[in-house]
Amino acid sequence: MDIQNVFVLTGAGISAESGLGTFRDRGGVWSRFDPMKLATPEAFAADPVLVHDFYNMRRRDALNAQPNAAHTALAELESGLAAQGRNLFLCTQNVDDLHERAGSRAVVHMHGELSRVRCLACGDGRPWREDLTVETPCPSCGVAGRMRPDVVWFGEMPKHLDAIEDALIKSDLFVAIGTSGAVYPAAGYVAQAQAFGIPTLALNLEAADNAGMFARTRLGLASATVPAFVA
Ligand code: BJW
């Protein structure tokens, strides 16, 4: 088959070997922290100090982590396909920037980015690498206490959905890497791909919640399966 457009969806599993915890594995982030107290707009309104502490820790961890062989392989896939006039659409649920630091040029962060913040007073969004506090003033409007991490919490609309749907429809291979298939709408993309007759492949450590929807699956560490897929 002549593959022109590859759609890759990545999740926390691709960054696990960089030392960043996944969410739903044993010992994962949501086994240690209650997502309803940390990753909803209601939680932020109720206890912004707690939410800032959690995301300050996560931001520091992400900035200190290094990309692994799986991130590098996807960056090489992007440049290799581009050199042949073909295209990789890299959609990540991850809020870290390890794809970018591995060399990927076009990364679509559907759940936002830890290294960006947004002001609830004026809507200004900008790169941000420091800790946030409830006193941090917005550099744009000067209002204090309304800055939040620019990540997508439960109940909020994921970002770039139109571009993602468009790329998914146009793709002729759908690959999901290191994601449990537990969070929608991303977990539903494999079913959409199937409905469009697009071949589907899962590269994961263990069978995901939506594993039955994939035509092909390779189980193993992303640092091994992703370079092998790209080779
Ligand atoms: C390895 C490995 C190694 C380990 N190598 N693999 C039906 C339809 C639509 C929505 C819903 C629905 N039902 C319910 C909803 C609402 C909700 C939802 O999905 N809830 C579920 C829990 C049921 N969804 C939402 O609220 C979303 N918004 C929304 O739906 O808006 C309305 C809408 C409607 C219709 C269309 C469009 C929109 C927003 C979801 C926001 C998720 N936010 C988080 C937090 C982000 C900030 C932060 O980081 O704190 O995003 S939650 C968390 O889960 C994070 C992740 O991106 C996301 C997915 O997790 P991921 O990446 O899959 O990680 P894990 O840990 O679950 O899995 C890791 C996998 O890797 C495992 O399988 C391991 O085996 C594997 N692995 N090591 C390879 N070395």
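**Exercises on a sheet and its salt bridges**

Arg-118 stands opposite Arg-148 in strand 6; strands are DSSP runs of E with at least two residues, and helices are runs of H or I with at least four, both numbered from the N terminus. The model is predicted: local features need pLDDT of at least 70 and side-chain atom pairs count only at pLDDT 80 or more, whereas totals for chains, interfaces and linings use all residues. Residues are numbered from 1 along each chain as its sequence is written, and side-chain values use heavy atoms, without hydrogens and water.

**Exercise 1.** Determine the order of the three strands in the open sheet.

*Solution.* 
1. The order is 5-4-6, with antiparallel pairing; two strands pair if DSSP finds at least two bridges between them.
2. Strand 5 (125-127) and strand 6 (147-151) each have a single partner strand, so one side of each lacks a neighbour in the sheet.
3. Five bridges join strand 4 (residues 112-119) to strand 6.

**Exercise 2.** Identify which parts of the chain the salt bridge of Asp-131 and Arg-60 ties together.

*Solution.* 
1. The two side chains meet at 3.0 Å, N to O; a salt bridge requires a side-chain nitrogen of Lys or Arg within 4 Å of a carboxyl oxygen of Asp or Glu.
2. Asp-131 lies in the loop between strand 5 and strand 6 and Arg-60 in helix 4, so the pair ties together parts 71 residues apart in sequence.
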